[in-house]
Amino acid sequence: MKKYIFFFVIVFVLNGCSMAELEASPNPTRTMNSSVPKELPSSFLERTNILPFQNVSSSFIEIVDWYNEDHILYLEESDGRSYVYTYHLFTGTSELLFETDGWVVDLKGNADQSLFAIQTYSTDNKSTLVVINEEGQIKRIIEDLGEEYSVFWNSYDPTSMVLISFLPDWKFVAYHLDITVDQLTEVDLTHPYVQWLSESTFAYLNWDEFEPSYHAPLVIYHTDTKETTSWQEDIIAFASFTNELSLAVTVQSPDSLYSTYTFYQNQEPYRKIEMPILNTYSEQWWIPFYTYDSVNDVFYYLRPKYSSDYFSYEDGYELVAYSVKEDSERKITTFDRHEPLSVSPSGDAVLIGDRYERIYDVDRGNMIYLLEDE
């Protein structure tokens, strides 16, 4: 399942860019212009005992994501059916939330975990998007629009999303959907990746398929007027979070050793950090896995120790907690591999791994293995 998230969120497909070889060098200093870096506040690390899974069954597939601040979601498959369960981290109890024939290939919750979009794939090769509420009740079924779907929930309106429907040959159609209204509004997009900036605006990179480049203009789409406005030029990648915070990735030149990550508050530059570049020598620009804690304004990400070639780099990735508000960072630990991250709604824990098999307890500073066989 994580391959879908990786493709659309972590790897940003570009239109062809050959890059010069990178040389290894020490970690760069962070470019903080607005304040002097300082230690994270002591309140950043505080909480209780997390219980690993006991007697994991052979039908267990993976931990999917967060259900709420105390529960996670996990997936099981058996006899041609898929089951999504909730698991209470502090009592070790599980409850069935959703089941379906065929396979669950993706699941994505909205900003307040009140709705979950579940993409299923049936035994007769049919792809369906089912939206359920937190009690498992079906609120919307979308089918016969394409072979695969990608969902971008609105961080400021929990019932709103941009839905990308992929057609044969990787063509796609984008829709604006409100779960409470039985209507799909088609949106004219050039790239199947968007990020919400407000209740009625989202941004996307306007790639030009006829002029290959490693960067593109950043455009804002207004859902009320269906008009677009320009915001930034020469952006490599873009992400937005809650609290009117967003992040743009830029680089001075294709052969630079470091890229700049600029945080914007209400679309105004706010903070900057630098990131060593791992060169893929392909049409894909490497972006580290990250997750944002909107409660404490902490940006977690995996940072390589120096700039290098992605395929030969073997010196590990530092899990870093960067407090955007305080302009300070803390290195938590180092991983051998580059792995997905997902912070809890309360900011008390971070799921880590290809199957989210580990969890970092922010309160105690402990790394816990949730699956006994890992």
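Which residue in E4 does Leu-73 stand opposite?

Mentor: Happy to walk through that with you. This is a predicted model, in which local features need pLDDT of at least 70 and side-chain atom pairs count only at pLDDT 80 or more, while totals for chains, interfaces and linings use all residues. Residues are numbered from 1 along each chain as its sequence is written, and side-chain values use heavy atoms, with hydrogens and water left out.

Leu-73 stands opposite Thr-86 in E4. Strands here are DSSP runs of at least two residues, labelled E and numbered from the N terminus, and two of them pair if DSSP finds at least two bridges between them. E4 covers residues 81-88 and runs antiparallel to E3, with 8 bridges joining the two. They form a hairpin with 2 residues between them, and Asp-79 in that turn has a positive phi of about 55°.

Then there is the other partner, E2 (residues 60-66), which is also antiparallel to E3 and is joined to it by 5 bridges. Here Glu-62 stands opposite Leu-75 in E3, and the hairpin connecting E2 to E3 passes through 4 residues.

As for E3 itself (residues 71-78), 6 of its 8 residues are buried, so the strand is largely enclosed by the rest of the structure. Buried means under 20% relative accessible area, taken with a 1.4 Å probe and protein chains only; exposed is over 50%, and partly exposed lies in between.
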